[in-house]
Amino acid sequence: MKLFVDSASVEAIEALMPLRIIDGVTTNPSLLGREAGDPHDTLRRICRVVGGPVSAEVVATDVDGMLEEGRRLADLDEHIVVKVPFGKAGVAACAALAADGIRVNVTLVFSASQALLAAKVGATFVSPFVGRIDDLATAGMDLIGQIVEIYENYDFTTSVLVASVRGPLHVVEAARLGADACTCPPKVIDALFGHPLTDIGLERFLADWNKTRGGGA
Ligand code: E4P
């Protein structure tokens with residue numbers, strides 16, 4: 001399963017790259033709006049750092065606006081994937097952009113029917129938001145299972161990119177369900193590393209070594 005960073009912070013993304021586990025980045029207007037400087041420069045810098053798919057979202061809400069903005073974003077760098085919000089305009093824009101060979105990530109997906117429509121118009125990625133579904137006391141991960149099943153039934157090539165991830169359990173469940181990718185805030189990526197027994201085990205190994213062989217010889 002591919003692991004993406006859900007962030008628009010060049011510094012946070014740069015800090016994760018040496019781990020060699022990051023395959024791409026997703027941004028959205030909320031994340032990009034928090035960063036200082038020109039958003040297009042920030043996206044170009046992220047593309048250079050990651051060298052893999054970087055989702056950049058349109059803020060236009062009509063088809064023509066989405067197409068114009070999407071094409072401008074796609075021209076920024078070969079790694080840009082144009083993100084469009086799900087809806088009639090987003091679906092139409094996805095179809096047109098995909099026909100031009102531009103990769104599209106259909107975002108704000110909350111149902112299997114929405115994911116089916118995104119795949120039909122050639123989305124490269126579909127982004128179901130599991131955490132925001134959980135927030136409504138409904139199991140967000142159930143949606144991932146449904147989408148994976150539907151895509152497999154028809155050999156759709158759209159990748160399931162699990163979004164709105166809140167913790168390591170979402171990541172593990174996504175991998176168990178066969179999702180193609182999971183996008184995580186940096187703090188969730190950090191949390192994937194942690195286990196208290198690893199820390200205790202290492203501490204004990206080093207203490208034993210120092211008592212026997214390492215003791216100032
Ligand atoms: C990613 O594509 C989404 O924009 C992001 O995961 C949304 O996450 P949130 O629900 O934590 O804002």
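## Exercises on a predicted model

Lysine 211 is exposed, with a relative accessible area of 65%; here exposed means over 50%, buried under 20% and partly exposed in between, with a 1.4 Å probe and protein chains only. This is a predicted model, where local features need pLDDT of at least 70 and side-chain atom pairs count only at pLDDT 80 or more, while totals for chains, interfaces and linings use all residues. Residues are numbered from 1 along each chain as its sequence is written, and side-chain values use heavy atoms, leaving out hydrogens and water.

**Exercise 1. Look at glutamate 173 and arginine 176: which helix holds them?**

Step 1. Both sit in helix H9, three residues apart, about one turn of the helix.

Step 2. Glutamate 173 is partly exposed at 27%, whereas arginine 176 is exposed at 68%.

**Exercise 2. Work out which parts of the chain arginine 166 and aspartate 135 tie together.**

Step 1. The structure holds eight salt bridges, and one of them joins the side chains of arginine 166 and aspartate 135 at 3.0 Å, N to O.

Step 2. Arginine 166 is in the loop between E7 and H9, and aspartate 135 is in the loop between H7 and H8, so the pair links parts that are 31 residues apart in sequence.

Step 3. Arginine 166 is partly exposed at 45%, while aspartate 135 counts as exposed at 53%.

**Exercise 3. Check the length of helix H8 and locate its buried residues.**

Step 1. H8 has 15 residues (140–154), and at 1.5 Å a residue it should span 21 Å. The expected span is 1.5 Å times one less than the number of residues. The end C-alpha atoms are 23 Å apart, which agrees.

Step 2. The buried residues are Gly140, Met141, Leu143, Ile144, Ile147, Val148 and Tyr151. They cover an arc of only 145° around the axis, which puts them on the same side of H8; the arc is taken from the directions from the helix axis to the C-beta atoms.

Step 3. Their packing partners include strand E5 (104–109), helix H6 (112–120) and helix H9 (168–177).

Step 4. After H8 comes aspartate 155, with a positive phi near 55°.

**Exercise 4. Is histidine 170 buried or exposed, and what does it touch?**

Step 1. Histidine 170 lies in helix H9 and counts as buried at 11% relative accessibility.

Step 2. Leaving aside residues up to four places away in sequence, histidine 170 touches Val130, Gly131, Asp134, Met141, Ser164 and Val165. Contact means heavy atoms within 4.5 Å.

Notes:
Helix = DSSP H or I, 4+ residues; strand = E, 2+ residues; numbered from the N terminus. Salt bridge = Lys/Arg side-chain N within 4 Å of Asp/Glu carboxyl O.
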